[in-house]
Amino acid sequence: MGFSMISAQQLPTDGPLTIRPLLQQLGERLLKGKTGSVVAINPDNGEILCIATNTPNGSDVRQAIGKPQAPGSTFKTAQALTLLSEGIITTETTVECKEGITDGNIKVGCHKHRSPLALKDALAQSCNTWFLMTFASMINDDFMYETRDEAITIWRSYMQSMGLGGPMHIDIEGEQGGLLAGADYLNRRYKDGWDGKTIWWAGMGQGDVTCTPLQLCNLAVTIANRGWFYVPHIHKDTQNKRYLTKRQTKVQPEAYPPVVEGMRWAVDKGTATSIKTTYPICGKTGTVENLGADHSVFIGFAPMNEPKIAVCVYIEHGGFGADLAAPVAGLIIEEYLKGQLSETSEAKAKRIEGKKLN
Ligand SMILES: [Zn+2]
């Protein structure tokens, strides 16, 4: 079904846009033969630099803004920020992981890594056990919260402050919000009751949470800026106050440095070393389980301490986040920061362009 019944939706044509044509062209080129999107935003002002999309029927901007999907492990960044802010974890909290965790009949896999890990390594290695256990411990914390409803309501308020959940009201038609498990939703969905373990999948960005690639790119913006963002927009020189008002997240300022460093480690020595380069990129890979082959996801920004660009790449059935989404993001970042691709990167772009998944 999908969008095939209605015609594809394209970008606005009224007035000058914030899009950088060369970046947009590169995004479109790298998405050839694939279904997905490449979104890039200038963290300084919320201007959308690139919003390339592709589907079996050609480009359709709703792929980036109107189709909430599981964020996978990219969501672990928002989890870490929330749990640090609430004092549920510290940067020293460690969790034991033996290639996953078994709880009753449920077995969750994780890849081989040394154990136990603390926060920054848990982000860099993307440890599932770490993020499932810590999220469940927040929701089940009877000292901090009177009820589970209260715990999930507070959790949700952090996520909403980072631009997740509802639509962001950008200036492109066709936007949809996403799912953020709330108390009403959970009480309806799990009639026999629920606790932290019921919904712990959300800790790794699966289950009762979905986001659009636009929202995930904005999440990267909030981290790049250590706690603020402008609502993303595509019309240059907009006078609309909505896009000129700085929004603060609810996250405690001191929660940002360790998460930024964990994302730096991911590129330097973790799951995203395929895009390690001479300038400091911070990133987080995601591999989203679904009915077909996994979706490949990446969010990131660069440079680490003077961020100029934030990126989200979401490629359906693209495999591991490190396989496809991360290299695409790396090329987009290089094109923007360097103004062109190196010879090696150009060869990499050619290989990615030739990869047909549709
Ligand atoms: Zn693990």
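Colleague: What makes this an open sheet, and in what order do the strands run?

Modeller: The model is predicted. Its 5 strands are ordered β2-β1-β9-β8-β7, with antiparallel pairing. β2 (48-54) and β7 (282-288) stand at the edges. Each has a single partner strand, so one side of each lacks a neighbour in the sheet. On average, neighbouring strands are turned by 5° against each other, direction ignored.

Colleague: How do you know that β8 and β9 pair?

Modeller: Pairing needs at least two bridges. Strand β8 (residues 295-302) and strand β9 (residues 309-315) have 7, in the antiparallel sense. They therefore count as paired. Within the pair, I299 stands opposite C312 in β9.

Colleague: Which strands does helix α8 touch?

Modeller: Helix α8 (residues 213-224) packs on the sheet and touches β1, β8 and β9. Its direction makes about 150° with that of β9.

Colleague: Why are α3 and α9 called roughly antiparallel?

Modeller: Helix α3 (residues 76-85) and helix α9 (residues 256-269) pack at about 155°. Angles over 145 degrees count as roughly antiparallel. So α3 and α9 are roughly antiparallel to each other. Their axes are 9 Å apart. The contact uses T77, A80 and L81 of α3, with V259, G262 and M263 of α9. The crossing is right-handed.

Colleague: Which peptide bond involving P303 is cis, and where does P303 lie?

Modeller: The bond from A302 to P303 is cis, with omega near -15°. P303 lies in the loop between β8 and β9. Another cis bond joins S115 and P116, with omega about 0°. P116 is in the loop between β4 (106-109) and α4 (119-125).

Colleague: Which residues have the most contacts inside the largest nonpolar core?

Modeller: That core has 109 residues. A40, C217, A220, V311, V313 and I332 have the most contacts inside it. V313 touches V38, V297, F298, A325, V328 and A329, leaving out residues up to four places away in sequence.

Definitions and conventions. Residues are numbered from 1 along each chain as its sequence is written. This is a predicted model: local features need pLDDT of at least 70, side-chain atom pairs count only at pLDDT 80 or more; totals for chains, interfaces and linings use all residues. A nonpolar core is a set of buried Ala, Val, Leu, Ile, Met, Phe, Trp, Tyr and Cys residues joined through C-beta atoms within 7 Å. A residue is buried if 20 or more other C-beta atoms lie within 10 Å of its own, exposed if 12 or fewer, and partly exposed in between; C-beta atoms are placed from the backbone. Two residues are in contact if their C-beta atoms, placed from the backbone, lie within 7 Å. Helices (H or I, at least four residues) and strands (E, at least two) are DSSP runs, numbered from the N terminus. Axes are lines fitted to C-alpha atoms, for helices over the stretch in contact, and angles run from 0 to 180 degrees between N-to-C directions. Angles under 35 degrees count as roughly parallel, over 145 as roughly antiparallel, 65 to 115 as roughly perpendicular and the rest as oblique. A crossing is left-handed if the near helix is turned anticlockwise from the far one by less than a right angle, and right-handed if clockwise.
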